[in-house]
Amino acid sequence: MKCEVNAAILPDTKEIEALTPGVCPVDWAKGCVEKAREENCGKNVMCRDGMTQLLAILSDLVRGKGESEDLELLRDLAQVISTSPGCGLAAKAAGNLLYSLDRYPEIWESHLRRKRCPAGVCEALAAQSAQREKRRERKRDRKLDADIIVVAAGLSGLTAATQAAENGAKVLVFEKSSTTGGAANMGMAFFAVESKYQRDQMYEWTRDQAFNEFMEYTHWKADAKLVRRWFNMSADTVEWVESFGVEFLGAYKYFKDSHLTQHMIKIPGATKPAERQASRMVKLMTDYATELGVDFRFRTPVKRLLTGEKGQVIGVVAAGEDGVEREYYSDAVIVGTGGIGNNVEMIKQHLGWTWGKDMFTFRIPA
Ligand SMILES: Cc1cc2nc3c(=O)[nH]c(=O)nc-3n(C[C@H](O)[C@H](O)[C@H](O)COP(=O)(O)OP(=O)(O)OC[C@H]3O[C@@H](n4cnc5c(N)ncnc54)[C@H](O)[C@@H]3O)c2cc1C
């Protein structure tokens, strides 16, 4: 599909050939992508959805929310977009972004790692460093129950708690049921790409191929940054869980024509996959987290979040086994209470479907 908007509406790279006071090459590239996203005719997936993905990453970067893989991901996405046919506008915006990345790597790094905009243009970064100082002051005055409170001990909450404790944080977990693991106790395996098991089985499928296939399959609607991070970390995650005793049977297919990505967790003595074997990983991770000092409070549902003067989350209210609600304070709160698959009203509200009429899924309580 040919683009109907003239790419000349975007500035040329000569605008940032030399650094001008008051111009930030990161903000400049973001401006180009933003304009392409606003003005595109919407006929081409690269301008419509590709620009949205680039903008999400760039917006995080100028707000101090950039993550370590962001620059590599921006470069990869921009390269794909700048060479794909059909939309000159998207290609030029992506080309401008690549030019800025190549010419001013240290300025991009400064935004990413030091959360500083050398030109002082990206105001959110300056405001953030002032806020950080204020937070440090507040922390000195407040009594905290933990560095991090994790709401729920399903696999997401349990993993977050374990990793945080491994990084040295004091962690408090509230779980409404009497055990850890949530739905993962019914699982068998988890996804990974470029793992040592795939290498041993001579299965060649790279994280880049996986990423491109996934984004194409989801019509570029999935969160590119999250998908990239997941795929990049998946092989290390296999080795991380092995570090506290998890064993694998190997990498398997999920269905007949799928890739060999399902890393089957091994129950001691087993030689082939068995139902609910992922509960073995849940148990080992829970033991490891407990050893690291994670404080699990079972049968203690969190009722609401506590917020400070500016709306920032400062803790939770949880109801103990005696039914009494108490306040708990921490530096950060991670919520991992599962999906909305068992909530008919929320399915309707967020997806527009009526469960049992035009949507039929498992209804596993979270
Ligand atoms: C039958 C089945 C088989 C599956 N097999 C696989 C597989 O082989 N591989 C795979 O990758 N995925 C599999 N999945 C999917 C996978 O298990 C889930 O995506 C994953 O476990 C979700 O983890 P979670 O922590 O986000 O949520 P959940 O597992 O739903 O955990 C949510 C937790 O939140 C707690 N909670 C909720 N509200 C509160 C509150 N207010 N306060 C405190 N606690 C609260 C719940 O008690 C629960 O423990 C399977 C799912 C099912 C149902």
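Two notes before starting. This is a predicted model, in which local features need pLDDT of at least 70, side-chain atom pairs count only at pLDDT 80 or more, and totals for chains, interfaces and linings use all residues. Residues are numbered from 1 along each chain as its sequence is written.

**Exercise 1. Find the domains of the chain, then describe the side of domain 1 that touches domain 3.**

Step 1: The domain assignment (bounds come from an automatic or database assignment) lists domain 1 (7-123), domain 2 (142-179 + 290-335) and domain 3 (188-274).

Step 2: Between the C-alpha centres of domain 1 and domain 3 there are 31 Å.

Step 3: Eleven residues of domain 1 are in contact with eight residues of domain 3; contact requires C-beta atoms, placed from the backbone, to lie within 7 Å.

Step 4: On the domain 1 side, α2 (45-62) and α3 (70-83) each supply at least two residues. Helices are DSSP runs of H or I with at least four residues, strands are runs of E with at least two, and both are numbered from the N terminus. The largest share, six residues, comes from α2.

**Exercise 2. Describe the residues that surround the ligand.**

Step 1: The ligand is surrounded by 28 residues, where a residue is near if its C-beta atom, placed from the backbone, lies within 6 Å. Ala152, Gly154, Gly182, Gly187 and Gly338 are the closest.

Step 2: With three residues, α7 gives the most.

Step 3: Domain 2 and domain 3 each contribute at least three residues to the shell.

**Exercise 3. Is Ala184 buried or exposed?**

Step 1: Look for Ala184 in the loop between β2 (171-174) and β3.

Step 2: Ala184 counts as buried because it has 21 C-beta neighbours inside 10 Å (buried means 20 or more, exposed 12 or fewer, partly exposed in between, with C-beta atoms placed from the backbone).

Step 3: Setting aside neighbours within four places in sequence, Ala184 is in contact with Gly154, Leu155, Ala278 and Val282.

**Exercise 4. How do the axes of helix α1 and helix α4 cross?**

Step 1: The axes of α1 (residues 25-39) and α4 (residues 88-103) come within 9 Å and cross at roughly 170°. Axes are lines fitted to C-alpha atoms, for helices over the stretch in contact, and angles run from 0 to 180 degrees between N-to-C directions.

Step 2: Therefore α1 is roughly antiparallel to α4, a term for angles over 145 degrees.

Step 3: Residues making the contact include Trp28 and Cys32 of α1 and Leu89 and Leu97 of α4.

Technical notes:
Two residues are in contact if their C-beta atoms, placed from the backbone, lie within 7 Å. Angles under 35 degrees count as roughly parallel, over 145 as roughly antiparallel, 65 to 115 as roughly perpendicular and the rest as oblique.
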